[in-house]
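Reader: I would like the terms used for this model set against their cut-offs. Please begin with charged pairs and then turn to helix packing.

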Amino acid sequence: MVANENIFKAASSLKNGGIAVFPTETVYGIGVVYNSENAYKKLLELKKRPPEKPFSMMFKSLEQARGYLDASPRLLKTMERFLPGEVTFLCRAKWKLPHQCDHGSGIIGVRVPSGEVARLLMEAVDEPCLVTSANLSGEPAATTLGMAKDYFPTGVDAYVDGPCESNLATTIVDCVGFEPRLIRAGKIKFEDILKAWEEAS
């Protein structure tokens, strides 16, 4: 278990417009609070990431995420089966969000982590965060704090250490259309998500 003071320090940094690196159950993440355009721009520059590529929105719980989503009961029931967990659902936003959240598309990637450190951090921040893998654009995702620090020796306001379990990026599923569509395969099998979708009908 990581020391709570490290989580609280990272949460304070995020709430004050800073950038934090922390472990999730998949790989190390790097993120900013969702409504700080300045922090988002710094993160883009730090990662050398193309500005058109969106980040996931990480929530402390599905209940928190529901307040931001225009989602059918069927979709919410499906999401309940897998969140918290290693899957990102692309969903329609309930209202207009800051441009960095959806790039004007009205669609956000919903992520609720099951890893203890990420979950505790999101609870401490108590606001959604824009999170992506801790790496330079195009490079392998960091799976240890050492790797993350090699990528980002400067520019990060807080680092939190801890284990990653699967070392795989999340499964990404597009739930905007008539039925779920696989965008990226991961530990959670798309067949299981489709089965849950059918059972939720």
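Author: A salt bridge is a side-chain nitrogen of Lys or Arg within 4 Å of a carboxyl oxygen of Asp or Glu. The model is predicted, so local features need pLDDT of at least 70 and side-chain atom pairs count only at pLDDT 80 or more, while totals for chains, interfaces and linings use all residues. Residues are numbered from 1 along each chain as its sequence is written, and side-chain values use heavy atoms, with hydrogens and water left out.

Reader: What makes arginine 74 and glutamate 198 a salt bridge?

Author: Their side chains meet at 3.9 Å, N to O, and the limit is 4 Å. The two residues are 124 residues apart in the chain, arginine 74 in helix α4 (residues 73–82) and glutamate 198 in helix α8 (residues 190–199). Helices here are DSSP runs of H or I with at least four residues, numbered from the N terminus.

Reader: Why is arginine 74 called partly exposed?

Author: Buried means under 20% relative accessible area, exposed over 50%, and partly exposed in between, with a 1.4 Å probe and protein chains only. Arginine 74 has 25% relative accessibility, so it counts as partly exposed. Glutamate 198, at 47%, is partly exposed as well.

Reader: Which residue does glutamate 199 pair with?

Author: Glutamate 199 meets arginine 81 in a salt bridge at 3.0 Å, N to O. This pair links α8 to α4 across 118 residues. Glutamate 199 is partly exposed, because its relative accessibility is 43%.

Reader: Is aspartate 174 buried or exposed?

Author: Aspartate 174 has 13% relative accessibility and therefore counts as buried. Its salt-bridge partner is arginine 181, with the closest N and O atoms 2.9 Å apart. Arginine 181 is partly exposed, at 48%. A search of the whole structure finds eight salt bridges.

Reader: Why are α1 and α6 called oblique?

Author: The axes of α1 (residues 4–15) and α6 (residues 116–125) cross at roughly 50° and come within 9 Å. Angles under 35 degrees count as roughly parallel, over 145 as roughly antiparallel, 65 to 115 as roughly perpendicular and the rest as oblique. The two helices are therefore oblique to each other.

Reader: Which residues make the contact between α1 and α6?

Author: With contact meaning heavy atoms within 4.5 Å, α1 contributes Ile7, Phe8, Ala10, Ala11, Leu14 and Lys15, and α6 contributes Val117, Leu120, Leu121, Ala124 and Val125. By class, the contact has 10 nonpolar, no polar and one charged residues; Ala, Val, Leu, Ile, Met, Phe, Trp, Tyr, Cys and Pro count as nonpolar, Asp, Glu, Lys and Arg as charged, and the others, Gly among them, as polar.

Notes. Axes fitted to C-alpha atoms, helices over the stretch in contact; angles between N-to-C directions.
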